[in-house]
Amino acid sequence: MHKPRIGLILTLIALMLGVIEMRLFYLQGICGWHYRRVSEERIRRRLTTDAPRGAILDRDGRELARDDYAFDISFFPHKAIRTPEVLARLAHVIGWNAEDRERVEAAVEREAADEDRESLIVASNVGFNVMAEVETHAELYPGVVVKERSVRRYPFGALAAHAIGYMAKIPASREKEYLEQGYFRGDMIGGTGIERACEERLRGRRGGKVLVIDMMDGLRKVDREVAPVAGEPLRLTLDADLQRAAEGSFPEGRGGAVVALDVRTGEILVLASRPAFNLNDLVPPVKRGVADFLNRDPSAPALNRAMGDGYPAGSIFKIVVAFAGLEGNRLGEGTTHTCAGSFRHGNREFKCNNVHGTVDLVDAIKVSCNVYFYQAGLAAGKDDLLTWAERFGFGRKTGVDLPWEKPGFLPTPAWKKAARKEGWFEGDTINISIGQGNLLVTPLQVARMMAAVANGGTLITPFLANEHRPAPATLPKLSFNIRSLEVVRKGLWKVVHETGGTGSVLRIDGFDVAGKTGTAQAGGNRPDHAWFAGYGPYESPEICVVAVVEHSGHGGVIAGPVAKAVFETYYKKYHENTKEEENTKKKDDAVGVAASARRTGA
Amino acid sequence: MKGKRSPRVDWLILGTALALCLVGVIFIASASWRVREASYASFGRQQLIFIAVGMGFLLFMIRFPYLILARFAFVFYAGGLGLLAAVLVIGKRIYGARRWIDLGPVNLQPSELMKIALILALARWLMFREERRRMKDLVVPLALMFVPMLPILKQPDLGTAMTFVPIAFGMMYVAGARLRHLGMVALIGVLAFVPVWSLGLKEYQKDRVRTFVNPDRDPLGKGYQTIQSLLSVGSGGIAGRGMFKGTQNRLNLLPERHTDFIFAVIAEETGLWGTTALLILYILLFVGIALAALRTHEPFGRLVVTGVLILFASQVFVNIGMTIRLMPVTGLTLPFVSYGGSSLVTSFCGLALVMAVQEQQEPELSRNAY
């Protein structure tokens with residue numbers, strides 16, 4: 001036998017152990033920290049505590065949106081004993097049918113095999129009675145735990161649905177950005193309306209803790225803890241009473257919008273869009289029919305018509321024409337034109353809604369004479385007309401604190417040249433003089449114009465959330481002559497108060513309303529859009545209201561009553577009953593809403 | 001032999017073996033933490049009992065005239081084959097493999113006994129043929145190796161079967177076979193691998209090899225064990241997580257951790273220092289056994305000692321190799337350290353053989369005494 005041969009074998013063995021040692025040096029010495037991190041992560045368990053979202057309140061403190069608690073039933077398969085018996089009892093209390101029960105039993109069986117799994121939710125959103133039963137008779141439900149969860153509720157249902165807005169999933173494209181801000185995958189964020197606009201204020205900040213398993217006794221110990229922070233409540237300028245009046249008086253089955261502003265501040269008192277939807281239906285789980293209605297219905301219920309789309313302005317726009325003529329000295333209070341039912345310019349015939357005879361400017365506003373304004377517009381000229389339309393804020397966004405505002409459209413010669421490859425004709429001036437042609441306006445823009453007329457020329461920025469109240473000094477002031485304003489105001493007063501005025505339906509005892517009707521051609525042989533825009537009280541204006549009802553007919557007849565309902569409610573709430581005013585005063589003082597301006601004005 | 005004198009004990013061998021046993025008991029205790037019950041299972045105490053039994057056997061065997069074993073080597077071998085055949089018929093199935101014979105209080109694992117029987121039989125055959133260095137002299141030893149592998153593979157127990165190959169080759173080499181011949185046989189074996197792969201291996205065995213190549217292929221299934229054990233070993237780092245503080249170990253994330261994967265527990269809790277120390281213990285043991293082989297002039301004894309050396313070394317390599325992803329996962333224990341009666345008994349048998357051979361050598365005799 002050969003002695004060196006045993007030495008060779010020993011060498012081979014030593015070599016193999018050397019390979020093992022090198023591998024260990026690589027795994028433990030070089031990659032050790034990486035593996036250590038991975039294994040540390042495995043003994044940590046992160047628990048989170050949800051924080052409720054802030055409530056949304058109307059100006060009187062009524063809850064328009066709030067977080068309620070929902071109760072989920074979770075089941076810990078590992079801690080449970082007599083599982084079938086417990087499940088049978090749960091099935092009875094919750095009211096599962098055979099199919100539900102089979103599904104739950106299958107899930108429990110599956111999870112029981114998974115040692116890492118803590119618990120599973122066997123029923124979500126159960127009633128209060130189920131919660132109470134399980135909590136009070138815990139001994140009958142081993143392994144069953146009731147878990148609380150926040151869920152968004154809208155106590156007024158469909159009221160001001162577009163202004164309040166609803167919650168939506170984080171869009172996949174921006175998920176990363178949101179995760180960095182502390183959101184979790186699957187969280188809901190404000191999707192539309194003020195829920196979206198004030199997300200930062202409303203959102204609750206999740207709390208949480210990290211539990212680490214102690215190696216010696218196997219118990220979990222708190223390593224780090226962060227308390228949850230509830231979202232802040234948000235008080236809106238919206239008045240639920242006025243909002244309800246606007247929505248309640250709106251013609252059934254019609255599309256359109258109602259806007260009411262405090263003309264002195266720009267506070268939005270009413271912001272309604274029709275058709276609407278019940279916000280509670282959009283709280284997950286959303287039923288299929290609801291989502292289809294919202295996204296696919298031809299009536300476009302999701303669209304906020306107060307600001308998300310433009311309408312032809314119709315006669316409402318005559319206010320701008322009057323200002324343009326008066327300020328350019330091409331139109332005077334005494335300027336008269338004779339209306340024979342139509343106006344001929346070139347070889348085109350422009351119609352009037354009636355035969356008005358000889359009328360001056362104030363009467364032309366009162367009866368809404370087209371023939372008068374065709375000539376007034378031509379006299380003022382397109383440049384002044386468009387300048388004043390622009391000054392009143394048409395063709396650009398109002399800057400309201402809500403998402404997805406549209407600027408409407410103000411046609412200009414430059415646009416026409418670029419888009420239509422033709423010049424600006426006098427026919428275009430004639431059309432825009434009665435608010436037709438390519439001009440598109442949003443009800444919010446019209447409300448802002450009416451507010452400027454009412455407050456003496458300040459172009460306010462409408463807002464819903466008190467935190468977005470603009471500083472008064474930053475608001476632009478329209479520099480028109482006080483005489484021009486008085487002439488226009490007189491016309492607007494006569495619209496409502498004189499025989500033959502188009503808005504006589506707006507007469508309210510004790511509350512003088514001034515305004516302008518509009519009956520805008522919708523095109524395509526469809527019925528006209530009905531407009532009314534007005535303000536009150538006439539002597540010291542506080543509120544302006546704009547209503548538009550799509551494809552419905554005459555402005556004064558259809559839109560007038562909607563606006564009237566808002567004015568009336570406002571009058572009753574803030575003027576008629578001094579006692580009520582006292583109450584309001586106390587309440588306002590208590591919550592510190594800046595409503596003092598209203599009371600001094602009253 | 002003079003009955004009265006105290007036995008000559010090689011303390012290098014016995015000392016390192018007992019040190020390994022002690023390491024085993026400590027980490028088996030750590031690995032028997034039951035996280036759900038928050039208490040220790042009794043594996044550590046049981047292992048102590050096994051060690052005591054092994055030591056008793058060793059003390060008995062050290063005076064046993066081992067040459068008698070040479071006479072009965074083929075009888076043991078045949079008996080081993082008989083038990084292997086029996087296990088296929090009446091064997092107890094654990095984890096899908098039929099490896100054990102139920103003997104009431106203990107389970108007998110015949111493939112463990114077969115390791116010793118194979119070493120004895122090969123030594124018996126090769127002891128008289130040391131100068132015959134022809135290719136055909138290798139036929140019988142190869143057959144001795146190959147025949148018991150078949151029922152063991154059938155159990156199936158790839159790991160144990162795999163240790164037979166280095167034992168046979170190493171013993172043939174020490175007995176005088178030419179490296180050229182052994183190389184050719186090995187080449188034929190490798191070439192035969194292709195039909196064996198497609199016909200001979202069970203699907204789960206193929207899966208183990210496939211998963212060894214890429215454990216991420218099936219991280220929750222067959223790759224789980226490899227990933228967990230890599231994580232255990234790696235997270236030990238240089239200094240370890242501390243005794244009884246390995247998270248992988250204590251949270252029961254590593255299956256089979258007190259038996260086949262005890263090395264991962266040691267690595268996690270003691271780090272690179274601990275694993276290196278363990279390897280040094282094994283090196284010392286192997287050096288001790290190799291020195292014993294060199295001191296042994298009687299060919300049967302020398303071949304037996306060599307066989308035991310290779311048996312231990314290959315088990316160490318395969319066992320540690322599988323925890324650090326150098327080898328596929330096979331059910332093979334770490335000698336003296338892993339929990340388990342059969343494994344410990346086999347290890348002590350090997351140790352007893354080595355010590356008996358040592359004890360009964362007469363160092364003053366010349367090398368041509370036999």
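How much area do chain B and chain A bury between them? The two chains bury about 4,300 Å², 68% of it on carbon and sulfur atoms; buried area is the accessible area (1.4 Å probe) that two parts lose on being put together, summed over both. The model is predicted, so local features need pLDDT of at least 70 and side-chain atom pairs count only at pLDDT 80 or more, while totals for chains, interfaces and linings use all residues. Residues are numbered from 1 along each chain as its sequence is written, chains are lettered from A and ligands numbered from 1 in the order in which they are written, and side-chain values use heavy atoms, with hydrogens and water left out.

At the interface, 58 residues of chain B are in contact (heavy atoms within 4.5 Å) with 35 residues of chain A. Between the chains, 11 residue pairs are in polar contact, both residues at pLDDT 80 or more. A polar contact is a pair of N or O atoms within 3.5 Å; within protein, one must be able to donate a hydrogen and the other to accept it, and residues adjacent in sequence count only if both atoms are side-chain atoms. On the side of chain B that touches chain A, at least two residues each come from α7 (158-175), α10 (224-235), α11 (247-250), α12 (262-295) and α13 (299-323) of chain B. The largest share, 13 residues, is supplied by α12(B). Helices (H or I, at least four residues) and strands (E, at least two) are DSSP runs, numbered from the N terminus.

Chain A contains 21 helices and 19 strands. Of its 602 residues, 50% are buried, where buried means under 20% relative accessible area, exposed over 50%, and partly exposed in between (1.4 Å probe, protein chains only). Among the contacts in chain A with a separation of 6 or more, 71% join residues 24 or more positions apart.

Within chain A, Thr517(A) lies in strand β17 (residues 514-520). Thr517(A) is buried, with a relative accessible area of 2%. Its side chain makes a polar contact with the side chain of Thr502(A), at 2.8 Å. Beyond four places away in sequence, the residues that Thr517(A) touches include Ser315(A), Ile316(A), Trp531(A) and Phe532(A).

In chain B, Ser343(B) belongs to helix α14 (residues 341-359). Ser343(B) is also buried, at 6% relative accessibility. Apart from neighbours within four places in sequence, Ser343(B) is in contact with Glu112(B) and Thr333(B).
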